[in-house]
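User: I would like to go through this model with you. Could you put it on the screen?

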Amino acid sequence: MRKLLFQSLAQMSLTEPAPSVDDAALAEIGAAVANVARRRLGRSLSIREVDAGSCNGCELEIHALGNAYYDLERFGLRFVASPRHADVLLVTGPVTKNMRMALERTYAATPNPKWVVAVGDCARDGGCFAGSYAVAGGVSAVVPVDLHIAGCPPPPLEILRGLLALLETAATAGT
């Protein structure tokens, strides 16, 4: 036991360095999302995250949006606990058969105008779980999807870029 302890203290850390994110790019994207949301909705954007059966990789990146580094709240974007208060549903993972009805009910409870964003490769088409007896498919097999954000998992900055693209598209389309 003592030998293992000394070995672990002598070894270098196995973790990777954090990816460098340009603070200016983050501030610019966040401010653009906030401006488009206020112009489109007249208020800040409310987001409800739904885990439809994922491995939690995408959830970790979505939760990183709320940490002190990304601080989504400073841009006027906020996560809400109820779909009745949400504008956007961020759905992660392949939709399992056990979560199909819950996702349909969440979609029905979200007021219009509402948008659905499928986050991650599994949400797009089922990912490596496609074809499993327990999976109904990607999110678009259950509810209409307005935007797919690719990645396994997509980094927080890409999720912000996706939200900006969704809002800009919705603002130009007038929906």
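User: Which residues does Thr-96 touch?
Analyst: Not counting residues up to four places away in sequence, Thr-96 touches Ala-52, Gly-53, Ala-134, Val-135 and Ala-136; contact means heavy atoms within 4.5 Å. This is a predicted model, in which local features need pLDDT of at least 70 and side-chain atom pairs count only at pLDDT 80 or more, while totals for chains, interfaces and linings use all residues. Residues are numbered from 1 along each chain as its sequence is written, and side-chain values use heavy atoms, with hydrogens and water left out.

User: Is Thr-96 buried or exposed?
Analyst: Thr-96 is buried, at a relative accessible area of 18%. Buried means under 20% relative accessible area, exposed over 50%, and partly exposed in between, with a 1.4 Å probe and protein chains only. Thr-96 belongs to strand E4, residues 95-96. Helices (H or I, at least four residues) and strands (E, at least two) are DSSP runs, numbered from the N terminus.

User: Changing topic, what is the strand order in the sheet?
Analyst: The order is E2-E1-E3-E5-E7, in an open sheet of 5 strands with parallel pairing. Two strands pair if DSSP finds at least two bridges between them.

User: Which strands stand at the edges?
Analyst: E2 (78-79) and E7 do; each has a single partner strand, so one side of each is left without a neighbour in the sheet.

User: And what joins E5 to the strands beside it?
Analyst: Strand E3 (residues 88-92) is joined to E5 by 5 bridges, and E5 to strand E7 (residues 147-149) by 3 bridges. Both pairs run parallel. Leu-90 has Val-117 as its bridge partner in E5, whereas Ala-118 stands opposite His-148 in E7.

User: How many residues of E5 are buried?
Analyst: In E5 (residues 115-119), 5 of the 5 residues are buried. Trp-115, Val-117 and Val-119 point one way from the strand, and Val-116 and Ala-118 point the other way.

User: Which strands does helix H3 lie across?
Analyst: Helix H3 (residues 57-64) lies across E1 (46-51), E2, E3 and E5, running at about 140 degrees to E3. Helix H4 (residues 100-109) also packs on the sheet, where H4 touches E1, E3 and E5, and its direction makes about 165 degrees with that of E3. Axes are lines fitted to C-alpha atoms, for helices over the stretch in contact, and angles run from 0 to 180 degrees between N-to-C directions.

User: Where are the cis peptide bonds?
Analyst: One runs from Asn-112 to Pro-113, with omega near -5 degrees, and Pro-113 lies in the loop between H4 and E5. Another runs from Cys-152 to Pro-153, with omega near -10 degrees. Pro-153 lies in the loop between E7 and helix H6 (156-173).

User: What about the phi of Asn-56?
Analyst: Asn-56 has a positive phi of about 80 degrees, although this residue is not a glycine. Asn-56 is in the loop between E1 and H3 and counts as partly exposed, at 38% relative accessibility.

User: Finally, where does Leu-9 lie, and is it buried or exposed?
Analyst: Leu-9 lies in helix H1 (residues 2-10) and is exposed, with a relative accessible area of 62%.
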